[in-house]
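Dear colleague,

My notes on the ligand and the pockets follow it.

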Amino acid sequence: MAIVCKSAGEIEKMRRSGRILRQVLDVVTAAVAPGVSTMDLEHAAEKKIRELGAKPAFKGYYDYPCVLCTSINQEVVHGIPSAKRKLNEGDIVSVDCGVVLEGYYSDSAVTVPVGTISEETQKLLDVTRESLVRGIAAAQPGNRLGDIGAAVQEYVEAAGFSVVREFVGHGIGTKLHEDPQVPNYGQREQGIKLREGMVLAIEPMVNLGGPAVRVLEDKWTAVTEDGRASAHFEHCVAVTKDGPVILTV
Ligand code: MF3
Ligand code: CO
């Protein structure tokens, strides 16, 4: 499948989609507290998506049952919301959501602390968030895909954490997942050249311990092999002549 570059008009539509998604994630973030279930977060998200006139992007995608992925602590990505799963003080929960507005997709994730968290876990969140900032900064026309992955990986590993290999970012536009795949590791000056109009979902998943992950029997929830915590932040970013533009704000 070829990489689809977007016109300024299409990027504007994706920005509108992304803006709605940000409002949804803000509502969910504000709802995170000890005692709240991940299904409560799901309901808050679905209500807000409909209120803002968009549609959920994940529900029904490969039969995924919900509008959110909610991944707690050692869960890396694709945790399924459940009324039985309540958040506890000291947890972290990554909330991943996608919406579609007038045919244009957006996809974004944040990892949110539940009450007070340990210093080590706070550092995991800070490093993962900053690794995304570094990856985004590398999304310049003329750079290569490997420049994004290398920027993320170098920052994460210098902090003593590890980057998940099994899941990657992706192109996005009139489909949730488009080419190219966007790994959170790699080598500078390697891979395809980034061009104006490409829109990439950059989404580092960072583990406190080792990089290994496995998928649970539910066929969705990915967890760390060593049981230590993992964080995930994601933005959609347009590559423009003026540099990277974050669409999910
Ligand atoms: N945010 C995920 C991604 O970037 C998508 C979740 S998978 C789904 O690929 F099936 F739930 F949609
Ligand atoms: Co994504």
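To begin with the ligand, an oxygen atom of ligand 1 lies 2.6 Å from a polar side-chain atom of E203, a polar contact being a pair of N or O atoms within 3.5 Å. The protein buries 94% of the 340 Å² that ligand 1 exposes when taken alone (Shrake-Rupley areas with a 1.4 Å probe). Oxygen atoms of ligand 1 also lie 2.5 Å from a side-chain N or O atom of H177 and 3.0 Å from a polar side-chain atom of H170.

This is a predicted model, in which local features need pLDDT of at least 70 and side-chain atom pairs pLDDT 80 or more, while totals for chains, interfaces and linings use all residues. Residues are numbered from 1 along each chain as its sequence is written, chains are lettered from A and ligands numbered from 1 in the order written, and side-chain values use heavy atoms, without hydrogens and water.

Ligand 1 sits in the largest pocket, meaning that more than half of its atoms lie within 2 Å of the pocket's grid points. A pocket here is an open set of points on a 1 Å grid over the protein atoms alone, where a 1.4 Å probe fits, with protein on both sides within 12 Å along at least five of seven lines, and lining residues have an atom within 4 Å of a point.

Best regards

Conventions: A polar contact is a pair of N or O atoms within 3.5 Å; within protein, one must be able to donate a hydrogen and the other to accept it, and residues adjacent in sequence count only if both atoms are side-chain atoms.
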